[in-house]
Amino acid sequence: MKKSLNRYLPLAIIAGFLVSAVSCRKTPDEYRYARPVQQVSLNTYDFLKTQEGLYDTLLYLLDETGLTDTLKTKEITFFAPQDYSIMTAMHNLNVARIQNGDLGDWTLDSVPVGMWDTLLHRYMVAGIVDLDSLNYADGVTLKTPYGYEMNGRTITTGASGIKGGGSKQIEYSDKNNSRYTRDWVSATTRTVNLKTENGMLHILASRHVFGFSSFVDSIYPLLRSPFQGKWGLIPGTIEAANYDEGGEGVAYHDLDAVNQGNAGFRISEGVDLAKCSEGLYNIGYTNPGEWTKYSVEVQSAENYLLNVRVATTNNFSVIHVTLDGEDISGPMNVVNTKAWQTWKTIMMDHPIHLKAGKHTVGLFLDAGSINLSRFGLIPVAKRPYHGTPLALPGTILCNEFDYGGEGLGYHDTDADNKGNARVDMRFFEGVDLENCAEGGYDVGTPRPGEWIAYTVNVAQTGQYEIISRVASAAAGGQFHLQFDGQDIGDIQQAPATGGWQAWTDVKTVVTLTAGVHELRYCYDSQGFNWQKMVIVPVEQQ
């Protein structure tokens with residue numbers, strides 16, 4: 001049975017724990033002044049388990065987050081926080097809730113597991129990091145398994161009134177995504193250099209508050225909230241101007257307090273917003289060190305590719321993107337686009353796995369100056385747009401094409417969505433979506449050889465009539481359909497209809513096999529718009 005002693009502690013009991021824990025007799029004093037490496041014949045997790053009463057809460061969280069095996073088998077240096085540190089953080093969280101008019105009754109299980117996972121990883125460093133390896137004036141940059149940067153530095157404590165006369169310890173610091181030490185939050189060790197069977201263990205002093213400065217703000221953002229109460233949805237596009245509410249130092253950081261943009265949007269705040277030539281607004285007049293934060297909700301756990309829309313006349317600009325405080329992008333170089341309203345998409349050079357749930361995305365400018373209009377996270381793997389195949393018989397809307405991007409969900413001769421609906425629908429994908437006069441969207445400006453794919457689930461094998469809704473102000477054009485990569489039916493003619501939004505139906509009859517399949521809409525020529533397909537069994541005609 002899992003230990004649940006600390007799972008249901010209300011605020012009053014937590015407060016009592018904070019008082020009583022100070023006088024707790026169980027401490028790892030036998031290792032307190034260790035400077036030489038000491039060895040135990042246990043893995044890191046099992047050693048912590050032998051220290052009854054000191055790490056019960058920590059061990060429970062390691063179990064809940066699936067990190068038990070990491071501390072049993074992986075070569076990890078672990079800067080272990082004591083239970084007192086964790087319960088202090090929980091106490092602070094409940095105090096913040098009470099001050100904001102909420103109940104101060106949160107327990108360990110009230111905090112999302114993903115947040116515990118994120119913060120626990122900040123105490124882990126791959127490989128063996130001992131006291132002597134950190135003996136540099138500026139310390140050593142240490143990377144967590146998630147790539148987040150910490151700093152470790154050897155320090156000497158005072159003793160008997162003599163500065164530097166005591167034992168050597170480690171100052172372990174959260175860099176808070178900043179190169180400036182004034183932004184760092186540090187903890188010191190109580191015990192160092194305990195070598196376990198699989199790694200190195202350092203024990204942090206009990207006065208350390210778990211999460212450094214990130215716990216309460218990440219779990220319960222007292223001042224920061226989603227713009228207009230709406231969480232940005234991933235997969236999807238997030239408008240840069242829709243950064244969180246909360247003000248300077250909480251939802252954004254800007255070097256001056258005045259909105260210098262011409263957009264007339266959020267004019268009382270310091271982020272400089274301008275009218276964007278591609279629609280809505282962009283952040284401009286930027287300087288290194290500025291940032292904005294966004295509350296987002298990831299709808300499905302999977303691999304995503306980050307896209308950011310930028311413009312600049314500078315030759316060297318760099319940004320990075322964080323998720324819940326962790327750098328997920330690394331440095332992203334912004335190319336000179338030659339004008340402040342000439343836009344280009346830059347992409348992360350590798351996909352990132354995101355867990356489902358609510359998170360915070362941060363955009364940070366590290367060098368140069370840029371305009372930034374929006375960013376998006378798009379699934380890498382091919383899958384249905386709604387998560388499940390489109391049911392046939394039924395209607396297939398043009399914008400419901402599969403995720404996966406170029407070559408999997410669609411093929412388009414250029415990378416950008418150039419339709420006038422791009423701000424509202426699938427901005428960072430290449431299919432050109434327009435606003436349709438009949439409602440919804442249509443695909444415009446096709447080129448021969450382009451195609452769009454839809455994962456469908458056919459209820460039963462039989463003949464079906466496929467009715468395509470098309471429009472053309474020119475001479476019309478041609479298209480055909482594919483079913484699992486094979487042509488079905490004849491090449492169809494989209495006629496001239498007298499306008500790009502003057503719609504008519506084109507019909508064909510095909511045989512479809514029951515089950516899950518891929519249906520493609522394939523362009524043989526240009527010169528027409530397409531809106532949707534309605535697919536019905538022939539016997540219903």
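**Note on the predicted model: cavities, domains and cysteines**

1. Strand 21 contributes three residues to the lining of the largest cavity, the largest share of that lining. The structure discussed here is a predicted model. Strand 21 covers residues 357–367, and it is joined by strand 14 (291–298) and strand 16 (317–323) in supplying at least two lining residues each.

2. The volume of this largest cavity is about 190 Å³. Its lining comprises 17 residues, and those closest to the cavity centre are Ile-283, Thr-286, Glu-290, Thr-292 and Leu-363. By class, the lining consists of nine nonpolar, five polar and three charged residues.

3. How many cavities of 30 Å³ or more are counted? The count is two. The second largest cavity holds about 30 Å³ of space. Its lining is formed by His-411, Asp-412, Val-431, Val-443, Glu-450, Trp-451, Ile-452 and Tyr-523. Five of these lining residues are classed as nonpolar, one as polar and two as charged.

4. The UniProt record, an unreviewed entry, places the feature "domain: CBM6" at residues 236–378 and at residues 408–536. The span 236–378 is 0% helix and 48% strand, with its end C-alpha atoms 7 Å apart. The span 408–536 is 0% helix and 57% strand, and there the end C-alpha atoms lie 26 Å apart.

5. A hairpin is formed by strand 30 and strand 31, with two residues between the strands. Strand 30 (residues 477–483) and strand 31 (residues 486–494) run antiparallel and are joined by six bridges. Gly-477 is placed opposite Ala-494 of strand 31. Within this hairpin, Asp-484 adopts a positive phi near 55°.

6. The structure contains zero disulfides. Cys-398 takes part in no disulfide, and the nearest cysteine sulfur, belonging to Cys-436, is 7.7 Å away. Cys-398 counts as buried because its relative accessibility is 0%.

7. Is helix 3 largely enclosed or largely open? Helix 3 (residues 56–64) is largely enclosed by the rest of the structure, because seven of its nine residues are buried. The buried residues are Asp-56, Thr-57, Leu-58, Leu-59, Tyr-60, Leu-61 and Leu-62. Just after helix 3, Gly-66 takes a positive phi of about 75°.

8. For the chain as a whole, the secondary structure amounts to seven helices and 34 strands. The chain has 541 residues, of which 54% are buried. Along its principal axes, the C-alpha trace spans about 95 × 55 × 45 Å.

Definitions and conventions
Residues numbered from 1 in each chain as written. Predicted model: local features only at pLDDT ≥ 70, side-chain atom pairs only at ≥ 80, totals over all residues. Heavy atoms only, no water. UniProt positions renumbered as here; feature names shortened; annotations may be inferred. Helix = DSSP H or I, 4+ residues; strand = E, 2+ residues; numbered from the N terminus. 1 Å grid on protein atoms, 1.4 Å probe; cavity = no way out; pocket = protein on both sides within 12 Å on 5 of 7 lines; lining within 4 Å. Points joined across faces, edges and corners; volume = space filled by probe spheres on them. Nonpolar A, V, L, I, M, F, W, Y, C, P; charged D, E, K, R; others polar. Pairing = 2+ DSSP bridges. Disulfide = S-S within 2.5 Å. Buried < 20%, exposed > 50% of the residue type's maximum accessible area, 1.4 Å probe, protein only.
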